[in-house]
Amino acid sequence: MDADKVIEMQSVTTPTRTHVPRVLILGGTSEASELATHLAARSDVTVISSLAGRVSQPKLPAGIVRVGGFGGVAGLMSYLVGENIGVVIDATHPFASKISGNAELACNTLSLPLIALERPPWEPNEHDCWCTVPDAQAAASMVNHQRNRVFLSIGRQELGAFSNCEDAWFLVRAIDAPSETLPANSKLILKRGPFHLNDELQMLRSEFISLIVSKNSGGTATYSKIEAARALQIPVVMIDRPRKHNVPTVPQSDDVLQKLAQLL
Ligand code: NAP
């Protein structure tokens with residue numbers, strides 16, 4: 001969504017309070033929503049959540065919500081100044097590296113405190129068979145072989161890396177219909193997590209999946225596909241996280257709240 005098409009919404013139960021610090025949560029994750037719920041119930045802060053607008057029907061967090069890009073670092077800086085934001089919480093997805101880099105630069109330039117939340121990555125155990133690759137392109141060249149039946153579970157944005165894969169068959173799962181061209185041999189499922197282990201097991205079995213491609217997103221909402229892969233001894237091509245920024249991160253929402261308490 002363009003910066004000039006920003007939508008701002010406010011829950012009627014959460015009026016804007018003047019003279020209290022204004023906290024901006026860069027969101028799009030379950031942790032960001034949890035933080036918004038917690039902070040919106042407090043009277044000592046005003047919380048604004050920002051969503052990129054990628055999903056057609058997002059679950060809106062509690063409190064004030066704005067939707068759409070800011071227009072790069074300059075746009076973000078002007079928003080932070082204009083909205084009198086006192087603290088920024090970057091609770092974006094581990095693969096959302098652009099907005100995190102922008103937040104780091106904007107906050108550094110404006111000398112604003114930035115708290116960065118990053119959920120820990122998944123780690124393989126001795127029963128897992130993972131091959132870690134640096135990006136979606138590398139995953140695509142690794143899996144595109146005849147007879148491979150690949151469960152492609154990386155969201156929509158990087159599907160383009162698989163567009164020219166003509167040899168393997170793909171089961172593609174995303175929340176909204178992708179704009180990228182899907183691989184020639186593919187089936188699309190539109191579904192939003194969280195996903196449950198039994199359903200994942202059933203899907204992998206019924207589609208005769210032989211390989212899974214996943215981002216190392218961490219968290220619990222999509223972990224059941226990794227557990228299912230383990231149970232069925234299906235190898236996983238795991239896309240490693242990008243480098244987001246140079247800001248020290250905290251792993252949990254509680255740590256964010258502690259840091260916020262120190263700042264306020
Ligand atoms: P990205 O590549 O880091 O950001 C691309 C651009 O999208 C940014 O430059 C910014 O536009 C805008 N943007 C991103 N997050 C925003 C936010 N929270 N509020 C306002 N603008 C935002 O991000 P992405 O990977 O496309 O992810 C977009 C959103 O989806 C994030 O909020 C993220 O938490 C969520 N998400 C991402 C993934 C994933 O795998 N990447 C998975 C689940 C959820 P401007 O430069 O115009 O400000």
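Domain bounds here come from an automatic or database domain assignment. The model is predicted: local features need pLDDT of at least 70, side-chain atom pairs count only at pLDDT 80 or more, and totals for chains, interfaces and linings use all residues. Residues are numbered from 1 along each chain as its sequence is written, and side-chain values use heavy atoms, without hydrogens and water.

**Exercise 1.** Find which domains the protein is divided into, and how far apart their C-alpha centres lie.

*Solution.* Start with the bounds: domain 1 covers 3-119 + 243-263, and domain 2 covers 130-239. Next, take the C-alpha centres of the two domains, which lie 30 Å apart. Contact (heavy atoms within 4.5 Å) then takes 10 residues from domain 1 and 12 residues from domain 2.

**Exercise 2.** Work out how much area domain 1 and domain 2 bury between them.

*Solution.* Buried area is the accessible area (1.4 Å probe) that two parts lose on being put together, summed over both. For this pair of domains it is about 850 Å², with 48% on carbon and sulfur atoms. Now look at the domain 1 side: Arg54, Phe95 and Arg119 supply 55% of the area it buries against domain 2, more than any other three residues.

**Exercise 3.** Identify which residues come nearest to the ligand.

*Solution.* Of the 23 residues around the ligand (a heavy atom within 4 Å), Gly27, Ser50, Arg54, Phe70 and Lys215 come nearest. Then check individual atoms: a polar side-chain atom of serine 50 lies 2.7 Å from a ligand nitrogen, while a backbone N or O atom of glycine 71 lies 2.8 Å from a ligand oxygen.

Note on methods
A polar contact is a pair of N or O atoms within 3.5 Å; within protein, one must be able to donate a hydrogen and the other to accept it, and residues adjacent in sequence count only if both atoms are side-chain atoms.
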